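Trainee: I'd like to learn how to read a fold from its sheet, helices and ring pairs. Can we go through one together?

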Amino acid sequence: MLNQKFLKKKTFTLFLVLILALSLAGCGTKSSTGGQQTTDTNSSQTPETTEDVTPDTQNTPSQEETEEPTNPPVSKEVKKQASIQTKKPVKGDTIVTITFKDFGDVKIKMFPKEAPKAVENFTTHAKKGYYNGLTMHRVIADFMIQGGDPSGDGTGGESIWGSEFENETVEYLNPIRGSLCMANAGPDTNGSQFFITQASTIDESLLDGLTDIQKEMYRQYGGCPWLTGGYTVFGQVYEGMDVVDAISKVETASNDAPLENVIIEKIKVSTFK
């Protein structure tokens, strides 16, 4: 009886050992094969799906940050007003031609309606030869060229009335590139000195507080926004800005006076035909 029980027990034990061995062998084969395919074939081409691939919105620039700022649209009426100053002269308009020795002619359309005193003062002086032989005593590149002072240093000159006269400013005439302006020592202190603006670019931050018309003008034509409202604009260059640009590039001393005189040879006043 003991032998039979022993044999049965031994047979049962061998049977369990055989089943366990077969089970372990099958798991080892599957695990080994699957691991090789994943690491050798796919790992270098397929991203780990367990990683968070959602973009980090905190570190990603917003649309507002990545896009360049755009200027707001302007109405047709604003564009129309902004273009008044730069329109070519028409028959009957008063024009002046400033001849700079060794440089050439600059032709300017005048604005007698908007700046009657400044235009009368300048054209009367010009007709009498007041400006002939005077120098452009102050020249600053990317800003302006200035003259009209008999003393030649920016301290002299007077109006045709012998006294200072008031500023004449309107919203649609501004010191954009190529504008002819009265120089002064403060509000309503105009005499004989004038300047022509030469700056071709602007800083957008300088447009704060200006009207839509003024902003549009500076964006289109460049100029000197920081002078807006403080100086009478009474003319606009329509031919000869290359001459103004050439003068602006002359070598100057520390006081902005050209090392070699830039001389106004003559100024001719005429009616455009």
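Predicted model: local features only at pLDDT ≥ 70, side-chain atom pairs only at ≥ 80, totals over all residues.

Trainee: Where is Asp245 found, and what does Asp245 touch?

Mentor: Asp245 is found in helix α6. Helices (H or I, at least four residues) and strands (E, at least two) are DSSP runs, numbered from the N terminus. For touching, contact means heavy atoms within 4.5 Å. Leaving out residues up to four places away in sequence, Asp245 touches Arg177 and Gln198.

Trainee: How many helices and strands are there in the protein chain?

Mentor: Six helices and eight strands. Along the sequence they follow the pattern α-α-α-β-β-α-β-β-β-β-α-β-α-β. Of the 273 residues in the protein chain, 35% are buried. Also, among contacts between residues at least 6 apart in sequence, 70% join residues at least 24 apart.

Trainee: What is the order of the strands in the sheet?

Mentor: The general idea is that strands of a sheet pair through backbone hydrogen bonds, either parallel or antiparallel. The rule used is that two strands pair if DSSP finds at least two bridges between them. Here the eight strands make an open sheet in the order β3-β4-β6-β5-β7-β2-β1-β8, with antiparallel pairing. At the edges stand β3 (138-140) and β8 (264-271), each with a single partner strand, so one side of each has no neighbour in the sheet. From one strand to the next, the twist averages 25 degrees.

Trainee: Which strands does β5 pair with?

Mentor: Strand β5 (residues 179-182) pairs with β6 (residues 194-197) in the antiparallel sense over three bridges, and Met182 has Phe194 as its bridge partner in β6. Three bridges also join β5 to β7, again antiparallel, with Gly235 in β7 as the bridge partner of Leu180. Both faces of β5 are covered: Ser179 and Cys181 are buried on one side, Leu180 and Met182 on the other.

Trainee: Which helices pack on the sheet?

Mentor: For the angles, axes are lines fitted to C-alpha atoms, for helices over the stretch in contact, and angles run from 0 to 180 degrees between N-to-C directions. Helix α4 (residues 116-127) lies across β1 (94-100), β2 (104-110), β5, β6, β7 (233-239) and β8, at about 120 degrees to β8. Helix α6 (residues 241-248) packs on the sheet too, touching β1, β2, β3, β4 (144-147), β6 and β7, and its direction makes about 120 degrees with that of β2.

Trainee: Which residues of α4 are buried?

Mentor: Ala118, Val119, Asn121, Phe122, Thr123, His125 and Ala126. These buried residues pack against β1, β2, β5, β6, β7 and β8. After α4 comes Gly129, with a positive phi near 80 degrees.

Trainee: How many aromatic pairs are found in the whole structure?

Mentor: Rings of Phe, Tyr and Trp (its six-membered ring) pair if their centres lie within 6.5 Å; planes under 30 degrees apart count as stacked, over 60 as edge-to-face and the rest as tilted. The search finds nine aromatic pairs. One of them, Tyr131 with Phe194, is edge-to-face, at 5.4 Å centre to centre and 85 degrees between the planes. Tyr131 lies in the loop between α4 and β3 and Phe194 in strand β6, so the pair ties together parts 63 residues apart in sequence. Tyr131 is buried, with a relative accessible area of 0%, and Phe194 is buried with a relative accessible area of 0%.

Trainee: Which residues do ring pairs link into a cluster?

Mentor: Phe122, Tyr130, Tyr131, Phe194 and Phe234.

Technical notes. Residues numbered from 1 in each chain as written. Heavy atoms only, no water. Buried < 20%, exposed > 50% of the residue type's maximum accessible area, 1.4 Å probe, protein only.
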